[in-house]
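Work through the following exercises with the sequence and the model in view, and try each task before reading its solution.

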Amino acid sequence: MKITDVEAIILRQPEMDVSKADGSQDALLIRIQTDEGITGIGEVDSLPPVIKAIVDAPPSHAIASGLRHLLIGENPLEIDRLWHKLYRGSIYYGRQGPAIHAISGIDIALWDIKGKALGQPVHRLLGGPHRTAIRAYASTLMPETPEETREAVSGLAGRGFAAIKLGWGPFGRDADLDVALVRAAREAAGDEIDLMFDIGLGWPNADHAIRQVRRFEEYRPYWVEEPFWPDETAAYRKLADAVETRIACGEEDATRWGFDLLMERTGVDVIQPDVTRAGGISELARIAQLADLRGVAMVPHSWSTGIIKAASLHVIGAMPNATFLEYCVQETALNQLLTVERFPVVNGMVELPEKPGLGVEIDEEVVRRYAVPA
Ligand code: MG
């Protein structure tokens, strides 16, 4: 089998609220064609036009090339060799950031092809599944007020979620408001539901964060996420060492090398690599093993369409110690409609896809409606 084409397709809803931290308003779809008629799909949750440029760019020299050029004519089943070819071929401008994001989407599409070629779901090719359904936590933006927070949590609890994360929005503006929001969430959730809080880079320093996390404690947060910029590793270390509450981070980080350093420097309890940014399905499986060695939990970041839900589910299902799927509940069309499959939550659980490859089909009408003309 040979790769005949690699397409990077930008999808974008007509009206965008770019002031919100909601990356499900647009998407970058990867489509890899082969000479045997099998097509693989992948996704990248990054800045779509930048990713498209990285895929489409013509080569400059041996270690500075656009990615499409490196893939045409290659055997798509040799995923690990191709991952390393792409990494090496983009090393002057890559290693971290958008080049690794683009490689991630390509890696996902290659796993889709391999699964379809072999008639097996990706989780089985990875050596799983260790379980056939994964506990989902609802992931949404923190509303502006305690009243709205109560409403949002009650609504999600009513949909059967046994865990709920609220993030970004007003977190970090005012120390007392932070606590009021957390208290409102716990009051609406009752005792049984796990609650996570994503501070969205909102706290100024470790001392402030330590005080705030201690104030949160009586409302029993399951974890507190990303209070600082990803590069402020010393602040993460100070906070993680000082409090009992789990600290989570890593959605902006990538590769086994990046996560090895991140875990070494921060001492956090939970890492959150995103399968569409951190290096794809192949690299998440490697990062999971590194996390396991250190006794750190890996709960992949996942905030976009059905493609990322499927790719995350396959990796999580193949991990021996997985806990949660992050389940984005935004009402955006691309989150809800891009894949035909809807991933229903039943008793707080989502079933692993069982069809070959990623096990999802793209709704081509949605692609036609939202594709940005090249
Ligand atoms: Mg987050």
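**Exercise 1.** Determine what share of the protein chain counts as buried.

Solution. Of the 374 residues of the protein chain, 57% are buried, where buried means under 20% relative accessible area, exposed over 50% and partly exposed in between, with a 1.4 Å probe and protein chains only. This is a predicted model, in which local features need pLDDT of at least 70 and side-chain atom pairs count only at pLDDT 80 or more, whereas totals for chains, interfaces and linings use all residues. Residues are numbered from 1 along each chain as its sequence is written, and side-chain values use heavy atoms, with hydrogens and water left out.

**Exercise 2.** Find the protein donors of the magnesium ion and describe where they lie.

Solution. Begin with the ion: Asp198 (OD), Glu225 (OE) and Glu251 (OE) are its protein donors, at 2.0 to 2.2 Å; donors are N, O and S atoms within 2.8 Å of the metal (3.2 Å for Na, K and Ca), and because water is not among the atoms, sites may look incomplete. Next, read their spacing along the chain, which is D-x26-E-x25-E. Glu225 lies in strand S7 (residues 221-225) and Glu251 in the loop between strand S8 (246-249) and helix H10 (255-266), so this pair ties together parts that are 26 residues apart in sequence; helices (H or I, at least four residues) and strands (E, at least two) are DSSP runs, numbered from the N terminus. Finally, check accessibility: Glu225 is buried at 0%, and Glu251 is buried at 8%.
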